[in-house]
Amino acid sequence: MYIHLGGDYVVEEDEIIGIFDLENTTVSKKTREFLNLSEKKHQVINVSYELPKTFVLTSKNNETKVYISQISPTTLNKRKGKEKNNF
């Protein structure tokens, strides 16, 4: 199944490692360091120029990508399926 992340971006549900709320998770220094390192490695993809709310960590064929989305983590999680609530 594919999950729409915003804009023209979709990812396969099986590729998603985690869906994270930017406001809550970037309080941590480790998360900020991870996002900065990912940006330097050109692994970050902004799906929209609107105010970001979420980052979605994915992996496919040992390639990690971080999608920055304007869609709330709750909405993205609902798109994954109502029985899955892990964000």
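Which strands does helix α3 (residues 73-80) lie across, and at about what angle does α3 run to β3? In this predicted model, helix α3 lies across β3, β5 and β6, and its direction is at about 150 degrees to β3. Here helices (H or I, at least four residues) and strands (E, at least two) are DSSP runs, numbered from the N terminus, while axes are lines fitted to C-alpha atoms, for helices over the stretch in contact, with angles running from 0 to 180 degrees between N-to-C directions. Contact, in turn, means heavy atoms within 4.5 Å.

Residues are numbered from 1 along each chain as its sequence is written, and side-chain values use heavy atoms, with hydrogens and water left out. Because the model is predicted, local features need pLDDT of at least 70 and side-chain atom pairs count only at pLDDT 80 or more, whereas totals for chains, interfaces and linings use all residues. The mean pLDDT (the predictor's confidence in each residue, from 0 to 100) is 91 for the protein, and 93% of its residues reach 70 or more. Over residues 83-87, however, pLDDT stays under 50, and for this stretch the model has nine contacts beyond four places in sequence. Where pLDDT is low, the predicted coordinates should not be read in detail.

Turning to the strands, an open sheet of four strands, with mixed pairing, has the order β3-β5-β6-β4. Two strands are taken to pair if DSSP finds at least two bridges between them. Strands β3 and β4 (44-46) stand at the edges, each with a single partner strand, so one side of each is left without a neighbour in the sheet. From one strand to the next, the twist averages 20 degrees. Strands β3 and β5 run antiparallel and are joined by five bridges, and Phe20 stands opposite Phe55 in β5. Helix α2 also lies across part of this sheet, covering β4, β5 and β6 (63-69) and running at about 60 degrees to β5.

An antiparallel pairing over four bridges is likewise found between strand β1 (residues 2-6) and strand β2 (residues 9-12). Within this pairing Gly6 stands opposite Tyr9 in β2, and in the hairpin, which has two residues between the strands, Gly7 takes a positive phi near 55 degrees. Positive phi values also occur at two residues other than glycine, namely His42, with phi near 60 degrees, and Asn61, with phi of about 55 degrees. His42 is found in the loop between α2 and β4 and is exposed, with a relative accessible area of 72%; Asn61 is placed in the loop between β5 and β6 and is exposed at 71%.

Leaving aside neighbours within four places in sequence, Ile45 is in contact with Tyr9, Lys65, Val66, Tyr67 and Ile68. With the same exclusion, Thr31, a residue of helix α2 that counts as buried at 17% relative accessibility, is in contact with Thr25, Thr26 and Phe55.

A search of the whole structure finds two salt bridges, each being a side-chain nitrogen of Lys or Arg within 4 Å of a carboxyl oxygen of Asp or Glu. In one of them the side chains of Glu15 and Lys60 meet at 3.7 Å, N to O. This pair links distant parts of the chain, with Glu15 in the loop between β2 and β3 (16-21) and Lys60 in strand β5 (residues 54-60), 45 residues apart. Glu15 is buried, with a relative accessible area of 14%, whereas Lys60 is partly exposed at 43%. Glu33 forms a salt bridge with Lys29, the closest N and O atoms being 4.0 Å apart. Both Glu33 and Lys29 lie in helix α2 (residues 29-40), four residues apart, about one turn of the helix. Glu33 is partly exposed, with a relative accessible area of 39%, while Lys29 counts as exposed at 56%.

Conventions:
Buried < 20%, exposed > 50% of the residue type's maximum accessible area, 1.4 Å probe, protein only.
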